[in-house]
Amino acid sequence: EDEGEPVTFRVGEDEVIAGWNQGVLGMCVGEIRKLIIPPSLGYGEVGSKDKNVPERATLKVKLELLRFEAAAVAEESVPAGKCPFGYG
């Protein structure tokens, strides 16, 4: 499995593909998820040449939530393994 560099993005701001936006919802700090993202939530019919993703590709992604920032929750108030906003 290829382990990449951490990615920072704002959920719901169209900074990443829709599959990532949906896939991280409800995650806890330290949680790892494996996502299977259909083309409709990824790069669609055309793919992404600059990211080497072919057309109509189903993506398999392993994500680990390292940290999060939210105006309503101080980061230090949610320790590793705990979920923000009442999840878990």
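Is arginine 33 buried, partly exposed or exposed? Arginine 33 is partly exposed, with a relative accessible area of 23%. The cut-off for buried is under 20%, so the value of 23% puts arginine 33 in the partly exposed class. This is a predicted model, and the report below describes it part by part.

## Overall layout

The protein has 1 helix and 2 strands. Along the sequence they follow the pattern α-β-β. The helix, H1, covers residues 18-23. Strand E1 covers residues 32-37, and strand E2 covers residues 59-64.

Of the 88 residues, 32% count as buried. The accessible surface comes to about 6,700 Å². Carbon and sulfur atoms hold 50% of that surface. Among contacts with a separation of 6 or more, 44% are between residues 24 or more positions apart.

## The two strands

E1 and E2 run antiparallel and are joined by 6 bridges. Isoleucine 36 stands opposite lysine 60 in E2. Lysine 34 sits in strand E1. Lysine 34 is exposed, with a relative accessible area of 66%.

In a regular strand, side chains alternate between the two faces of the sheet. E2 has a covered face made of Leu59, Val61 and Leu63. Its uncovered face carries Lys60, Lys62 and Glu64.

## The nonpolar core

Nonpolar side chains tend to be buried together in soluble globular proteins. Here the largest nonpolar core has 14 residues. Those with the most contacts inside it are Trp20, Ile37, Leu59, Val61 and Leu63. The elements giving two or more residues to this core are E1 and E2. E2 gives the most, with 3 residues.

Leucine 59 belongs to the covered face of E2. What does leucine 59 contact, leaving aside neighbours within four places in sequence? Its partners are Ile17, Leu35, Ile36, Ile37, Gly42, Tyr43 and Val53.

## Helix H1 and the segment before it

A search of the whole structure finds 1 aromatic pair. Phenylalanine 9 and tryptophan 20 form it. Phenylalanine 9 lies in the segment before H1 and tryptophan 20 in helix H1, so the pair ties together parts that are 11 residues apart in sequence.

Asparagine 21 is also in helix H1. Is asparagine 21 buried or exposed? Its relative accessibility is 10%, so asparagine 21 counts as buried. Beyond residues up to four places away in sequence, asparagine 21 touches Phe9, Arg10, Val11, Gly12, Asp14 and Val16.

Most residues other than glycine have a negative phi. Aspartate 14 has a positive one, near 60°. Aspartate 14 is found in the segment before helix H1. Aspartate 14 is exposed, with a relative accessible area of 71%.

Asparagine 52 also has a positive phi, of about 60°, and is not a glycine. Where does asparagine 52 lie? Asparagine 52 is in the loop between E1 and E2. Its relative accessible area is 70%, so asparagine 52 is exposed.

## Salt bridges

Side chains of opposite charge can pair when their charged atoms come close. How many salt bridges does a search of the whole structure find? It finds 4.

Glutamate 15 pairs with arginine 10, with the closest N and O atoms 2.6 Å apart. Glutamate 15 is partly exposed at 36% relative accessibility, whereas arginine 10 is exposed at 56%. Arginine 33 forms a salt bridge with glutamate 31, and here the closest N and O atoms are 2.8 Å apart. Glutamate 31 is partly exposed, with a relative accessible area of 22%. Glutamate 55 pairs with arginine 56, the closest N and O atoms being 3.2 Å apart. Glutamate 55 is partly exposed at 47%, and arginine 56 is partly exposed at 49%. Glu45, Glu55 and Arg56 are linked in a network of salt bridges.

Notes. Residues are numbered from 1 along each chain as its sequence is written. This is a predicted model: local features need pLDDT of at least 70, side-chain atom pairs count only at pLDDT 80 or more; totals for chains, interfaces and linings use all residues. Side-chain values use heavy atoms; hydrogens and water are left out. Buried means under 20% relative accessible area, exposed over 50%, partly exposed in between (1.4 Å probe, protein chains only). Helices (H or I, at least four residues) and strands (E, at least two) are DSSP runs, numbered from the N terminus. Two strands pair if DSSP finds at least two bridges between them. A nonpolar core is a set of buried Ala, Val, Leu, Ile, Met, Phe, Trp, Tyr and Cys residues joined through side-chain atoms within 4.5 Å. Contact means heavy atoms within 4.5 Å. Rings of Phe, Tyr and Trp (its six-membered ring) pair if their centres lie within 6.5 Å; planes under 30 degrees apart count as stacked, over 60 as edge-to-face and the rest as tilted. Accessible areas come from the Shrake-Rupley method with a 1.4 Å probe; for residues, only the protein chains shown count as cover. A salt bridge is a side-chain nitrogen of Lys or Arg within 4 Å of a carboxyl oxygen of Asp or Glu.
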